[in-house]
Amino acid sequence: MLAGMSQAHHMGDKSGTRSVVSYVRRSPRMNPSQRNALTRLSSRYLVDVPHSELSTSVAVHAHVDWAAQFGRPVDELLVEIGSGTGDALVASALANPEACLVAFEVYERAVASTVAKLDIAGASNARLLMVDGVQGLERLIAPGTVRELSTFFPDPWHKKRHHKRRLVSASFGELVASRLVVGGRWLLATDWPDYAEQMRSVLDAVPGLHNEYADSGGWAPRPRSRPITKFESRGIAAGRPVVDLCYRRLP
Ligand SMILES: C[S@@+](CC[C@H](N)C(=O)[O-])C[C@H]1O[C@@H](n2cnc3c(N)ncnc32)[C@H](O)[C@@H]1O
């Protein structure tokens, strides 16, 4: 177990399940076009891995051969956790045609929309896994291989008793630090001020991570590459400030 992991966020239990996860598994029926997109495009974009009890868990022994998935040698990956309906993933896939992108998203309807968008955009350098991104990062991504990790608008889990479900925690920060290449970046965005402050205070203290904008107030400029999504628009409409953060992996 990584140093500093809380019981609530321990990730390495033998069963392959986590006691507290950052998502609720929603499975409303897909509309016909989403169902059709998944059926047609799964073999091209989805990576299936062995689970334990939950269909969103990743079995302890699970392994993905990324070179086989992308059909070329893979030294580094761009990873997104909670990619939603895929706007940032598609933009990044098109902006970085030489890169191999991996996204974790547990919401089936969102994944169906994402593969349809990737197909329309003609992007062939992205793969999605419908599993818990924390376990996926831990079990399927080798240490020191992620050039960029994105977590945009993670679920805020407002109630205090639910804060332990927030994706960004000290233990998750340590896991991310271990997966980034030296010099690699972690990009975050949120429109919830108390979560933003929590991200800052927790991640500024993670060994091996450096707040790229520590000398200018700590908040990062909005990356031009990050498209405005439904979640960001909602925040703006409600008058909430949207903030970005950028952490770099130190040697
Ligand atoms: C508020 S939405 C934001 C989606 C997208 N990043 C955006 O900006 O539009 C958060 C997404 O993260 C997904 N999610 C939350 N925890 C996750 C986890 N541990 N692994 C994979 N997906 C997760 C949820 O299903 C949801 O689609």
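## Close-up views of a predicted model

**View 1**
W157 counts as partly exposed because it has 18 other C-beta atoms within 10 Å. Residue numbers start from 1 along each chain, following the sequence as written. W157 sits in the loop between β4 and α6, and F153 is in the loop between β4 (146-152) and α6 (170-179) too. F153 is buried, because 21 C-beta neighbours lie inside 10 Å. Most residues other than glycine have a negative phi. W157, though not a glycine, has a positive phi of about 45°; F153, also not a glycine, has a positive phi of about 55°.

**View 1. The whole protein chain, before we zoom in again.**
Count along the protein chain and you'll find eight helices and seven strands. Both are DSSP runs numbered from the N terminus: helices are H or I with at least four residues, strands are E with at least two. The C-alpha trace spans about 45 × 45 × 35 Å along its principal axes. With 251 residues, a compact globule would have a radius of gyration near 18 Å, and the protein chain's 17 Å agrees with that. (That radius is taken over C-alpha atoms, and the globule rule is 2.2 Å times the number of residues to the power 0.38.) Of the 251 residues, 40% count as buried. Two residues are in contact if their C-beta atoms, placed from the backbone, lie within 7 Å. Take the contacts between residues at least 6 apart in sequence: 77% of them join residues at least 24 apart.

**View 2. The open sheet.**
Seven strands line up as β3-β2-β1-β4-β5-β7-β6, with mixed pairing. The strands at the edges are β3 (126-129) and β6 (209-211), each pairing on one side only. On average, neighbouring strands of this sheet are turned by 20° against each other, direction ignored. (Axes are lines fitted to C-alpha atoms, for helices over the stretch in contact, and angles run from 0 to 180 degrees between N-to-C directions.) Two strands pair if DSSP finds at least two bridges between them. Strands of a sheet pair through backbone hydrogen bonds, either parallel or antiparallel. For landmarks, look for V102 opposite R127 in β3, and for W186, whose bridge partner in β7 is Y247.

Helix α3 (residues 87-95) has A88, L89, V90, S92 and A93 as its buried residues. These pack against β1, β2, α4, β3 and β4. A123 lies in the loop between α4 (108-121) and β3, and 20 C-beta neighbours inside 10 Å are why it counts as buried. Leaving out residues up to four places away in sequence, A123 touches V90, A93, L94 and L118.

**View 3. E80 in strand β1.**
E80 belongs to β1 (residues 77-81). E80 counts as buried because it has 24 C-beta neighbours inside 10 Å. Setting aside neighbours within four places in sequence, E80 is in contact with A88, L89, A103 and S150.

**View 4. Around the ligand.**
The ligand is surrounded by 23 residues, and the closest are Y23, G82, G84, G133 and T229. (A residue is near a molecule or strand if its C-beta atom, placed from the backbone, lies within 6 Å of it.) What kinds of residues make up the shell around the ligand? There are 13 nonpolar, six polar and four charged ones. Here Ala, Val, Leu, Ile, Met, Phe, Trp, Tyr, Cys and Pro count as nonpolar, Asp, Glu, Lys and Arg as charged, and the others, Gly among them, as polar. Two helices, α5 (133-140) and α8 (230-237), each supply at least two residues of this shell.

Terms used. Predicted model: local features only at pLDDT ≥ 70, side-chain atom pairs only at ≥ 80, totals over all residues. Buried ≥ 20, exposed ≤ 12 C-beta atoms within 10 Å, placed from the backbone. Near = placed C-beta within 6 Å.
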